[in-house]
Structures are given as C-alpha cells and as structure tokens.
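Work through the exercises below with the model open. Try each task before reading its solution.

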Amino acid sequence: MSDSNEKDNHKPLRIAVLVSGSGSNLQVLIDAMQAGALPIEIVGVISNREDAYAITRAKDATIPVAVLSHVASGKRMGIKTFETHASAQLTTWQPDLIVLAGFMRVLSAEFIDNTPAPMINLHPALLPAYKGLDTHQRAIQAGERQHGCSIHIVTAELDAGAVLTQALLEVHQKDTADSLQTRVQKLEHQLLPWTILLIAKGVLDLKTISAQTASNPTYLPALPLKLWLNH
Ligand code: GRF
C-alpha cells in the first residue's frame, strides 16, 4: 500500500445521508461516529420530508440538514427540483460516500450517474429477491424461510446494483409483516455500520466493484458478504 493510501485511511470517511423517515439507521451511524467506533464524519443529511424524525436526530447531533420537500409556493417538490437542490448540496459537502438510509424517493438515472461520490442503499430484503416495496409482507406470503436486508450500490435500475453485504434471519411461523420488519431493522442497525466500516477500511472498494460488476479481491469470499445474526 502506498504512503498516500495509508494517510487516506486515517482520515474519516465523509458521509452524506439521505433520509425520509424515522432515521433509526442514521442514529446508529451518529452514535458510532460519536463513540469513535466508526471512522466516519457525517457531513450532512438530506431529507425529502419535512416531518421526518431523522431531521431532529441530525440537528441534535449538530449535523447540517437540508430539507428538500417543498418549493417556496408550498407545492411539493418534483423529483427534478429535488435532484437539482440535492446535487448542489452534495457538491458543497463533498462526501466520499452517499448513503440512502430509508430514503423513499426513486432517483433518476441522470442524478445517480452524476453524484459526486459512490452511493449505497439499504434495502429490507435479500436482493435480488423482493425489489421495491412491501418486502416483508411479500416474503411471508411466499413462505420464505429466510429473510433479511441488503446493502447495494445504487444504479439507475431500481434495487439492482451490485449487492455488497447482507444480513439474514430465519422467518418464524408466527411472524407477521410487522414483527419481521422489527427483526429486520435490528439487522439493518448492524449491517449498515459494518458495511460502512468495510468501505472506510478499503476492504470494499466501491469504484473497483462498480467497474468490475460485482467482483472483489480474490482474498475475499464472493460478494455479497453475509452476516447471520440471531434476532
Ligand atoms: C428501513 O427499514 C429500511 O429498510 C427501509 O426504510 C426503513 C428506514 O428506517 N427502506 P429508519 O428511517 O432508518 O428508521
């Protein structure tokens, strides 16, 4: 490893987080950052909803927040307007990594292809199964024995970019969509910081993985790297 790489590894990974809701995953990152457990700096949070509790979490941690939900006239922002403002904000913050953590708007190919840093998304299913919404309900209806969550590189095709990591659980007979969601969220809270640690340490090199379509160094098992947790 070159000297400059080694120096880079000591700098915290600058992260921008996009949210739409409660922000429990954001909170895990804030807590890990504040505890010194993750080598990251959360440089800003963008919310597309003004009522997202994630905004309060970010402000409590004195992290800059951009709420991009409505235009001055009070009308809800269209996706193009959102993307224009989000691009400008991200360019100002200069993140090394953009994390979609419970971000619920579909972004355009143009935006995705032009972000100033690689972008990852947390998805509540074992991709490539159950792309899109209502993943827990659909997994139960299909009689799945295993379920979980995935972190993947965001590409223009919805939930279809290279899957980096997954956390798995066993579906119980008595599970409902709600109970599964609760259990999967506990997995998310471990999978997200673990994955970001692997990125920050250079174990997962997103640029190389994107360029080589899901290949990774030969000393690692094939992607996705999997965590099996008891929840
Ligand atoms: C997560 O369950 C994620 O899988 C889904 O939205 C939820 C976000 O939760 N896409 P939170 O806002 O981080 O609490």
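Two strands pair if DSSP finds at least two bridges between them. Helices (H or I, at least four residues) and strands (E, at least two) are DSSP runs, numbered from the N terminus. The model is predicted: local features need pLDDT of at least 70, side-chain atom pairs count only at pLDDT 80 or more, and totals for chains, interfaces and linings use all residues. Residues are numbered from 1 along each chain as its sequence is written, and side-chain values use heavy atoms, with hydrogens and water left out.

**Exercise 1. The strand β1**

Task: State how many bridges join β1 to β4, and in which sense the two strands pair.

Solution. 
- Step 1. Take β1, residues 13-19, and β4, residues 97-100. They pair in the parallel sense, over four bridges. Leu18 stands opposite Leu100 in β4.
- Step 2. Turn to β2, residues 40-47. β1 pairs with β2 over seven bridges, again parallel. Here Leu18 faces Ile46.
- Step 3. Check the cover. Six of the seven residues of β1 are buried, that is, under 20% relative accessible area (1.4 Å probe, protein chains only).

**Exercise 2. Leu38**

Task: Is Leu38 buried or exposed?

Solution. 
- Step 1. Locate Leu38: the loop between α2 and β2.
- Step 2. Apply the cut-off. Leu38 counts as buried because its relative accessibility is 6%.
- Step 3. Compare sequence and space. Leu38 and Gln173 are 135 residues apart in sequence, and their C-alpha atoms are 36 Å apart.

**Exercise 3. The ligand shell**

Task: Which residues surround the ligand?

Solution. 
- Step 1. List the shell (a heavy atom within 4 Å): Gly21, Ser22, Gly23, Ser24, Asn25, Gly102, Pro124, Gln185 and Glu188.
- Step 2. Sort by class. One residue is nonpolar, seven are polar and one is charged; Gly counts as polar.
- Step 3. Find the polar contacts (N or O pairs within 3.5 Å). A ligand oxygen lies 2.5 Å from a side-chain N or O atom of Ser24. For Asn25 the distance from a ligand oxygen to such an atom is 2.8 Å. For Ser22 it is 3.4 Å.
- Step 4. Alone, the ligand exposes 370 Å², and the protein buries 86% of that (Shrake-Rupley method, 1.4 Å probe).
- Step 5. Assign elements. α2 (24-34) and α7 (177-200) each give two or more residues to the shell.

Definitions and conventions: Polar contact = N/O pair within 3.5 Å; in protein donor to acceptor, adjacent residues only side chain to side chain. Buried < 20%, exposed > 50% of the residue type's maximum accessible area, 1.4 Å probe, protein only.
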